[in-house]
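Dear colleague,

I am passing on to you a structure that you have not worked with before, together with some notes on what turned up in it. Please look at the sequence and the model first, and then read on.

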Amino acid sequence: MKNGNSGIPTDKIRIIKTASLTALLGNAALAIVKIVTGIYSGSLAVVGDGIDSSVDVLIAIMSLFVARIISHPADESHPWGHGKAETVATAMLSFMLFFAGAQLIFSSGKDIIFGAQREVPSLPAFIVTLVSIAVKLLLSWSLHIMGKKAGSSMIKANAKNMSADVLLSAGVLAGLGLSMFFSIGLIDSWAAVLVGIWVIKSAIGIFLEANTELMDGGYDKAHYQDVFDAVKSVEEAGHPHRVRMRRIAGFWDIDIDIEIPPNKTVIEAHWISYKVENAIKMRIDNIYDIMVHIEPAGNLEKEGYGLSEESLK
């Protein structure tokens with residue numbers, strides 16, 4: 001991918017915009033149809049499903065806004081660029097989902113606790129839910145492909161959200177079927193509660209993943225081992241240590257210390273570090289930046305942070 005002034009590939013920004021517009025149009029249509037049909041047919045579960053699609057519309061709008069932010073080049077206030085905006089947006093996405101699910105549980109739970117009389121939902125609610133499952137499957141598949149191609153955690157999280165929506169709508173469909181078959185309207189309320197629980201579960205999963213990136217966390221042994229193997233492949237580069245890897249908008253930012261013979265000139269040391277960088281790029285995709293710190297071989301300084309190969313064992 002060709003990088004723009006922001007350091008983020010222009011293809012990635014274009015794909016994020018395309019994915020966001022696809023999600024926006026698809027979910028806007030679904031939200032309107034489901035909410036109107038849910039109210040008309042008397043199905044709280046379908047209304048809740050429509051509210052979930054409305055949240056997806058907000059997510060798509062937010063994604064378009066984020067694509068605009070991350071396209072901005074690094075500046076004095078943001079020397080690392082604006083790529084983390086995508087991760088922040090992903091975390092915000094999880095909060096939206098959480099509160100939507102909680103509200104649905106609260107509304108439906110009141111009917112169950114107080115034994116409210118509910119009308120049995122009518123056939124249009126069943127038909128709209130079937131259509132929703134088909135459309136959500138298509139949206140999920142499309143966003144997954146685009147998110148993978150762009151290496152976008154935000155789009156992949158939204159694709160995962162769409163996949164959860166398919167199961168969510170399937171639960172609504174089952175609740176509608178049982179409610180209509182047994183002529184018990186309250187079954188629809190129970191289905192809505194289960195839908196809300198599923199939405200909250202998805203929100204927590206998305207938040208934990210985004211939080212790991214925001215905290216520069218994560219401990220993927222395979223990627224760290226790739227870094228150590230890359231250093232080993234370069235002659236006169238040794239003892240890789242104090243390695244730190246973090247994600248910025250789906251790309252890896254890597255810091256690493258290596259040791260070289262102390263009699264090397266500055267130019268020789270520079271070329272060794274250059275070879276190390278290329279060796280790492282050959283093994284790990286989506287590199288944002290690599291910082292190689294040179295130390296003389298035999299350095300006895302104790303390191304207080306970062307990983308060494310011994311720490312992986």
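I begin with Ser20, which counts as buried at 2% relative accessibility (buried means under 20% relative accessible area, exposed over 50%, and partly exposed in between, with a 1.4 Å probe and protein chains only). Please bear in mind that this is a predicted model, in which local features need pLDDT of at least 70 and side-chain atom pairs count only at pLDDT 80 or more, while totals for chains, interfaces and linings use all residues. Residues are numbered from 1 along each chain as its sequence is written, and side-chain values use heavy atoms, with hydrogens and water left out.

Ser20 sits in helix 1, residues 10-41 (helices are DSSP runs of H or I with at least four residues, strands are runs of E with at least two, and both are numbered from the N terminus). If its neighbours within four places in sequence are left aside, Ser20 is in contact with Ala60, Ser63, Leu64 and Ile155, where contact means heavy atoms within 4.5 Å.

Which residues of helix 7 are buried? They are Tyr224, Val227, Phe228, Ala230 and Val231, and, seen down the axis of helix 7, they fall within an arc of 155°, so they line one face of the helix (the arc is that of the directions from the helix axis to the C-beta atoms). Strand 1, strand 2 and helix 8 are included in what covers these buried residues.

Two residues other than glycine deserve a look for their backbone angles. Glu236, in the loop between helix 7 and strand 1, has a positive phi near 75°, and Glu236 is partly exposed with a relative accessible area of 38%. His239, found in strand 1, has a positive phi of about 45° and counts as partly exposed at 42% relative accessibility. As background, most residues other than glycine have a negative phi.

Finally, a search of the whole structure finds three aromatic pairs, where rings of Phe, Tyr and Trp (its six-membered ring) pair if their centres lie within 6.5 Å, and planes under 30 degrees apart count as stacked, over 60 as edge-to-face and the rest as tilted. One of them is the edge-to-face pair of Phe95 and Phe207, at 5.5 Å centre to centre and with 65° between the planes. This pair links distant parts of the chain, with Phe95 in helix 3 (residues 84-113) and Phe207 in helix 6 (residues 186-214), 112 residues apart. The rings of Trp271 and Tyr274 have centres 5.3 Å apart and planes at 85°, so this pair is edge-to-face; both residues lie in helix 8, three residues apart, about one turn of the helix.
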